Amino acid sequence: MKYIIVTKITLLVFLFFNLSNQAIGQTKTSGGEGYFMVGMQRIDIKNLNNILKQNNYPSLDENYTSIGGGGYGIINNFVIGGEGHGIIGSEVSNANYRLNLTAGYGIFNVGYLIYQVEGLRLFPVIGFGGGGIDLNIYEKSSLDFIDVLNNPKRGSSLSLGGLMLNFGLNGSYNIRFSKNGKDGGLIIGVSAGYTHFLKVGNWTLFENEISGGPKIGISGFYLRFSIGGGGAEKSSEMK
């Protein structure tokens, strides 16, 4: 499994630099943009689901809704910026328990414009950041206030943190509100890629470490759509 992940990352890095090298000779662009994003993020929770099944808990989905935003600065075709994403899953339950899993992460990205014509831009990115996962477990029962006071251990919230790697390909289209080589206005876009989660430490319960937890992570493919605004200006071609 580790070999497959390393191979994917190596191929993506090679593709990024290869495409960047091929982009020499295009028009220089500088500017910036900000946007809101929504889409789908896959999370690797197979090991967690195996443990849940063995202990009579419902299984969690591996596909989650991703909501976030970000921004980029463009300097002579180099793209520098960051994004933050919250990941929300649907609640699952059985006769005794309710479970939900949420996650979030922030990424600093660098990239390069490999294609641009009119308001259309295409650029790969490589990113690094951090993220975390929360697993919430609740007991299903009818309670009153005194029941909770007598036995408050009716649920748990387990957390796991780690480092994040991002490999993506972004496309955007600028609906221009200006002329004379300047792009400014509404931006719509799409992003697709792969994130890899590097676990740091153990699971925690109310900041107390718990050993023996399953290995899971925000590792998987994503697809997001974005809308925002910004502007850019083109200059002479590179020699």
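Is Tyr-194 buried or exposed?

Reply: The model is a predicted one. Tyr-194 is buried, because its relative accessibility is 8% and the cut-off for a buried residue is under 20%. The ring of Tyr-194 pairs with that of Phe-221: the two centres are 5.0 Å apart and the planes meet at 65°, so the arrangement is edge-to-face. An angle over 60 degrees is what places a pair in that class. Tyr-194 belongs to strand β9 (residues 182-205) and Phe-221 to strand β11 (residues 220-237), so the pair ties together parts 27 residues apart in sequence. Phe-221 is partly exposed, with a relative accessible area of 49%.

The search can now be widened. Across the whole structure, five aromatic pairs are found. Among them is the edge-to-face pair of Tyr-72 and Phe-123, with 5.6 Å from centre to centre and 80° between the planes. This pair links distant parts of the chain, since Tyr-72 is in strand β2 (residues 63-75) and Phe-123 is in strand β7 (residues 120-139), 51 residues apart. Tyr-72 is buried, with a relative accessible area of 6%, and Phe-123 also counts as buried, at 4% relative accessibility. Ring pairs join Tyr-72 and Phe-123 with Tyr-35 in a cluster.

A further contact involves a ring and a charge. The charged end of Arg-224 sits over the ring of Tyr-222, at 4.3 Å from the ring centre.

Definitions and conventions:
Residues numbered from 1 in each chain as written. Predicted model: local features only at pLDDT ≥ 70, side-chain atom pairs only at ≥ 80, totals over all residues. Heavy atoms only, no water. Phe/Tyr/Trp six-rings, centres within 6.5 Å; stacked < 30°, edge-to-face > 60°. Helix = DSSP H or I, 4+ residues; strand = E, 2+ residues; numbered from the N terminus. Buried < 20%, exposed > 50% of the residue type's maximum accessible area, 1.4 Å probe, protein only. Lys NZ or Arg CZ within 6 Å of the ring centre and 35° of its normal.
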